[in-house]
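Q: Please give a close account of one side chain and its surroundings in this model. Please then continue to the helix packing of that chain and its interface with the partner chain.

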Amino acid sequence: METKSIMIVGVGGQGSLLASRILGNVLLQQGYEVKVSEVHGMSQRGGSVVTYVKYGDAVYSPVVEKGEADVIISFELLEAARWAVCLKKGGKIVTSTQTLDPMPVITGAASYPEGIIENLKGMGIDVTAVDALSLAEQAGSAKASNVVLMGVVSKKMDFDEAVWQEALNQCVPPKFIEMNRKAFALGREA
Amino acid sequence: MKKLMLGNEAFARGLYEAGCRFASSYPGTPSTEITETIAKYDEVYAEWAPNEKVAVESALGASFAGARAFAAMKHVGLNVAADPLYTAAYTGVNGGLVIAVADDPGMHSSQNEQDSRHHAIASKVPMLEPSDSQECKEFAMLGYDISEDFDTPVLIRTATRVAHSQSAVEQLPRQERELKPYVKNPQKYVMVPANARGKHVIVEERTKKLITYAETAPINKVEDNGSEIGVITCGAAYQYAKEALGDKVNYLKLGMTNPLPNQLFLDFAAKCKTVYIIEELDGILEQHAKALGIECKGKEIFGCIGELNQVIIAEKLLGTAPEVTPYPEQLPIRPPVMCAGCPHRGVFYTLAKHKITVSGDIGCYTLGAAKPLESIDWTICMGSSISCLHGYNKILNEKSQNKTVAVIGDSTFIHTGLNSLVNVAYNASNSTVIILDNSITGMTGHQQNPTTGKNLKGDPAAAVDLEALCHAIGIKRVRVADPYHLAEMEQAITEELAVDEPSVIISRRPCALLKYVKHNPPLHVESDKCRSCKMCLKLGCPAISMKDGKACIDHTQCVGCGICGELCKFGAIAK
């Protein structure tokens, strides 16, 4: 199988590391060779962050460049727009509708772009937009947006739900598992 | 069963399986998780050292005691540890000694882009270079064998995309090892000139033996795909090249990048019409190939700045590029910022308000240089804030000393800031130092340090008393201020700048991200009271923005620190 590339993008602190671990775990269980590339350190402090997940028969480079991604999972609208250039023709975006103003917007040097979803669709991208933040709060914590989005993505991939549940068990600490299961279920229903 | 592991986690697994008993490190992105992971194995003693020099010396002592020992650091940390490294290269080891050094091409979280292979060459220490997680594990284990067989410390170089990428790793049981008895041997261990002269001869002989080893070492691999094009590569660059060029070329993949083999290079090149050298940062493989008379191309195509990737390689060598559709508008950038509730914010707000010249240091608080606070004037390396300020004030004296400060975090202060503060006291510069004590090593992801009262394993430990320490080295004026109370911080800064002697302000408030920190409920803006003066926006808090002409606080980010409320003249920010 040709290597598939997924990008998980968002704002540092939104929980992309957990999302990439869940996804990587699911893919490994399916018998693929998997590489997940994370960013730690300074960019985690509220900056634009990206995690790459690649899988296939043989995966070499852990990074994804412009024009190479099959799917982008985004925790924040502006970040979906920023990284959309990395999608292949016919690629998909699953994004939260949450918006977080970056510092140039806060200081008034720039304004938060409008019409992002329409623009992305105009680029020929298959866009699924979900209010993951509200669903996460419904599940018990705003921090579970990442797992809500994993729920949404799970419907778009051909793997049994049991595999995802097993990955959740392996990646989430026991005391948060119930809340995260609920978040995942809300994502699947969205 | 194979498990997905970060390169760093796999590295720790390799150390564990190889019977490592001792690890001492200072955190540094992207090396930190090696030591965090090895600390989870009960068979291994693991600690955070105050700095990398202490870590390497401690690991060397453990090696003398007969244990397989380890130290980890980021590339710039190896500069701090260079002193023991260059002489440990002479003494050699008793138990094996492996030192991990993690480079950061692209500078995701670093102040420079140095190539650590230069240290291996200069110190005459062998260096291994894994390119994925399984290799991280295997090379860590092999490192110990090489260390003990050749009586040398071994450097293992990773880079961000190896250290922080996960791939599948096979886990095996630990091989327990007896301690090697320590035998007194001054000619080997006491590096006075008479002994060191003898050891230098042995080091040069060892390098020759290592070159012979490198000629046939299984980790220096040739992949012959019957092509006329040859690629010589190492580390992450090998993975990028494989993805871009697949089986269209032959590869010489070097798992050992110091010393480099000669005949292996020559034999590989002899079978190829064209040879490309694909390596990140400096042209070290290329210089070696060219010194052997091999005609090849490398840096003239790829340069020595930033990371490589498969698209760059395909574009340069094959002339192909993926089809790209850009987003139709220019988008605002999203640089990293101090978190909502970050205790450093109150300090930088006050410094910016008074237009103070700020000598910066390495940590989360380097973000005080970013807009809108733009408070920091310079940042060099760990501990440099205090010493740079000292020199600056010694030259400018009364022109600078009442309007300059140094800012340094608790962990960075202990790392190398302490020596600099001794210099301020001893040589009496009228300098004001602010220790940003947030009770943790922050930027690298919350590691304990000698000021926090806990050790790497989370157990209670002696805590440095910063006030007493500053007094003890001769600073008479030491005071503590709470950065959440702007008036208190402002008073401390203005008063200490006004006095004619060295002073230290300890800005004390734990990092807002620490799990034990209890947050207040999020604040909110009472829109009818907000006059849209944007005073609160001057803090650069990511939770505050303007919505429909009024200030607005994002409840998902706000931790209720309250400093925006202290600034608001109209009482519009409420609990």
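Close view of one side chain

A: In this predicted model, a polar atom of the side chain of Gln114(B) lies 3.0 Å from the backbone oxygen of His75(B). The side chain of Gln114(B) also makes a polar contact of 2.9 Å with that of Asn79(B); the term denotes N or O atoms within 3.5 Å, one able to donate a hydrogen and the other to accept it, with residues adjacent in sequence counted only if both atoms are side-chain atoms. Gln114(B) sits in the loop between β5 (97–103) and α6 (117–123) of chain B, where helices (H or I, at least four residues) and strands (E, at least two) are DSSP runs numbered from the N terminus. Leaving aside residues up to four places away in sequence, Gln114(B) touches His75(B), Val76(B), Asn79(B), Asp103(B), His119(B) and Leu281(B), contact being heavy atoms within 4.5 Å.

Residues are numbered from 1 along each chain as written, and chains are lettered from A and ligands numbered from 1 in written order. Local features need pLDDT of at least 70 and side-chain atom pairs 80 or more, while totals for chains, interfaces and linings use all residues; side-chain values use heavy atoms, without hydrogens or water.

Elsewhere in chain B, the axes of helix α5 (residues 82–91) and helix α10 (residues 193–216) come within 8 Å and cross at roughly 85 degrees. These two helices are therefore roughly perpendicular, a label for angles of 65 to 115 degrees; axes are lines fitted to C-alpha atoms over the stretch in contact, with angles from 0 to 180 degrees between N-to-C directions. Ala89(B), Tyr90(B) and Thr91(B) of α5(B) meet Ala196(B), Lys199(B), His200(B), Val203(B) and Arg206(B) of α10(B).

Helix α17 (residues 384–396) and helix α18 (residues 410–426) of chain B have axes that come within 7 Å and cross at roughly 20 degrees. That makes α17(B) roughly parallel to α18(B), the label for angles under 35 degrees. Here Ile386(B), Ser387(B) and His390(B) of α17(B) face Phe413(B), Gly417(B), Ser420(B), Leu421(B), Asn423(B) and Val424(B) of α18(B) in the contact.

At the interface, 59 residues of chain B are in contact with 58 residues of chain A. Six salt bridges are counted between the two chains, each a side-chain nitrogen of Lys or Arg within 4 Å of a carboxyl oxygen of Asp or Glu. Glu9(B) forms a salt bridge with Arg21(A), their closest N and O atoms being 3.8 Å apart. Between chain B and chain A, 25 residue pairs are in polar contact, both residues at pLDDT 80 or more.

Notes
Parallel < 35°, antiparallel > 145°, perpendicular 65-115°, else oblique.
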